[in-house]
Amino acid sequence: MTTAAAPPLSSLVRDQITRPSPIRQIMKMAERQNIIAMGLDPAQVISFGGGWVNHQAPDAFRKAYQSVVADADLFHNSGGYTATLGDLECREQIARFEEHLFGVPRLGAEHIAIGMGSTQLTHDLFRTLLDPGDTVMLLDPTYANYEGQFAFSVPGVRIVPLRVLDPATWAYLPESDPSGMAREFSRLFDAHRPRMVLFGAPDNPTSQVVPQALADVMLAKTAEAGAWLTIDFAYKCQYFQQPPAYYAWSPADHPNVVGIHSNSKWARGLGRRLGWIEAHPSVVDAIERVQQCSILCPDTLSQMTMARYLKAAIADGSLTEYVARANALYKHAADVTLKAVDTHLQRPRLTPFGGLYTVVDIGTNADEFVPRALKATGVLVVPGGGFGDSIRNGVRISFGPLVRDTAKIDEGLERLGRYLRASH
Ligand SMILES: Cc1ncc(COP(=O)(O)O)c(C=O)c1O
């Protein structure tokens, strides 16, 4: 008997499946069975690969979960659907959170669409704002997932890269050459007329922020041309310096500015996914229609809990204290990382503004170097190529997962440095 083949998958998926996320691929390499297959002891592996945080969520947040689950009626309600854009109370509390921490003015529930984390929201946002064949402008390097997210949400989107890292000097160009950068942005914008400009603040993998002056030029050009200026604020709560003024831009004042926000990096809890879009009410209304067909509504339990937690933590001041404490922890991990890079790798790197990462110039193609280094040293870093052409000879080092075990940061970079110097 012949076994019939399954019918063909969609042509989009057949195309994309051959281009998996480079970060996922490298993380796969670090899975236990693959580590053992390489002849390594999993207990000895030190990973700088993960883009996740490892500090404790606020205890009051954990207790808010407990209070919902402990009450039979609340627990029952937590199993229901909320409105498609999210529970009104939670949307209002998120608006207060943004005002309280960052001074975002005139923000109300009408500017907030809650979803199941920023990855889902980003997909639905692209679907909401773009048409097939549109042009978008991204930084180079930037978050590796955007390219696939564009491909899956809006076919045929053309990406124009704005190079922000000089591979020869490892300078972050918006800082080292602000006027040259503003000119280059304007030149590319006028030549390609993108429908959207998108950047992360701070970005992944560089942990740099676009300076205010460049953001002002971006705002002026996009607003004048009727284009979107989208800022991915996944790491907004993680800052080691005073954030730029655009952290407080409000959609009430700037109707073409859209913020993408996530809970994943500042208040993880129970593995539940929650993120939100901040935008002009017309965008929020449109996302409602899109979410009706993607998620129907966000996670009810995490919205109930987040609303309770935020209300209390804003009122008693513990939210600001929690964010300051977490930032001190990550700042310390960043300092340990930079010192270890300077001591053991002795290669150019960037100083993070916030976030979880630094990027280091290893002076050779990282796609080839990283698997060799993993095998030889048991140390995992992420090769830069997936983030953009400018960083092919660089690696991303994440200190997020090791924030409570900084001795491992030094040990891992010592091993990697020895290997790097021996192989040069
Ligand atoms: C820049 C950026 N945006 C979005 C995300 C995903 O966030 P979420 O967990 O909310 O889907 C990440 C995750 O690493 C990220 O680095």
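Student: Where is Pro-141 placed?
Tutor: Pro-141 sits in the loop that runs between β3 (135–140) and α8 (145–153). This is a predicted model, by the way.

Student: OK, and is the peptide bond from Asp-140 to Pro-141 cis or trans?
Tutor: The Asp-140 to Pro-141 bond is cis, and its omega is near 5 degrees.

Student: What about the bond from Ala-201 to Pro-202, cis or trans?
Tutor: The bond from Ala-201 to Pro-202 is cis, with omega near -10 degrees. Pro-202 belongs to the loop between β7 (196–200) and α11 (212–225).

Student: Where is Ser-207, then?
Tutor: Ser-207 is placed in the loop between β7 and α11. Its phi is near 60 degrees, which is a positive value in a residue other than glycine.

Student: Is Ser-207 buried or exposed?
Tutor: Ser-207 counts as buried, because its relative accessibility is 1% and the cut-off for buried is under 20%.

Student: Which loop holds Arg-193?
Tutor: Arg-193 is in the loop between α10 and β7. Arg-193 is not a glycine, yet it has a positive phi of about 45 degrees.

Student: Switching to the ligand. Which residues surround the ligand?
Tutor: Gly-117, Ser-118, Thr-119, Tyr-143, Asn-204, Asp-232, Ala-234, Tyr-235, Ser-262, Ser-264, Lys-265 and Arg-273 surround it.

Student: How does that shell split by class?
Tutor: The shell around the ligand has six polar residues, three nonpolar ones and three charged ones.

Student: How far is a polar side-chain atom of Ser-264 from an oxygen atom of the ligand?
Tutor: That distance is 2.5 Å for Ser-264. Thr-119 has a polar side-chain atom 2.6 Å from a ligand oxygen, and for Tyr-235 the value is 2.6 Å.

Student: And how much of the ligand's accessible area does the protein cover?
Tutor: On its own the ligand has 400 Å² of accessible area, and the protein covers 91% of that.

Student: Now the inside. How many residues are in the largest nonpolar core?
Tutor: There are 108 residues in the largest nonpolar core. The members that touch the most others are Met-218, Tyr-246, Trp-266, Tyr-309 and Leu-319.

Student: Which helix gives the most to this core?
Tutor: Helix α14 (residues 318–345) does, with 10 residues.

Student: Why does the core lie between domain 1 and domain 2?
Tutor: Because domain 1 (12–56 + 320–423) and domain 2 (59–316) both give residues to this core.

Student: What does the side chain of Arg-415 contact?
Tutor: A polar atom of the Arg-415 side chain lies 2.6 Å from the backbone oxygen of Thr-377. The side chains of Arg-415 and Glu-411 are joined by a polar contact of 3.0 Å.

Student: Last one, Asp-190. Where does Asp-190 lie?
Tutor: Asp-190 lies in helix α10 (residues 178–192). Asp-190 is partly exposed, at 42% relative accessible area.

Student: How far apart are Asp-190 and Lys-221?
Tutor: Asp-190 and Lys-221 are 31 residues apart in sequence, and their C-alpha atoms are 8.8 Å apart in space.

Definitions and conventions
Residues numbered from 1 in each chain as written. Predicted model: local features only at pLDDT ≥ 70, side-chain atom pairs only at ≥ 80, totals over all residues. Heavy atoms only, no water. Near = heavy atom within 4 Å. Polar contact = N/O pair within 3.5 Å; in protein donor to acceptor, adjacent residues only side chain to side chain. Areas by Shrake-Rupley, 256 points an atom, 1.4 Å probe, with all protein chains shown as cover. Nonpolar A, V, L, I, M, F, W, Y, C, P; charged D, E, K, R; others polar. Core = buried A, V, L, I, M, F, W, Y, C linked by side-chain atoms within 4.5 Å. Buried < 20%, exposed > 50% of the residue type's maximum accessible area, 1.4 Å probe, protein only. Helix = DSSP H or I, 4+ residues; strand = E, 2+ residues; numbered from the N terminus. Domains from an automatic or database assignment.
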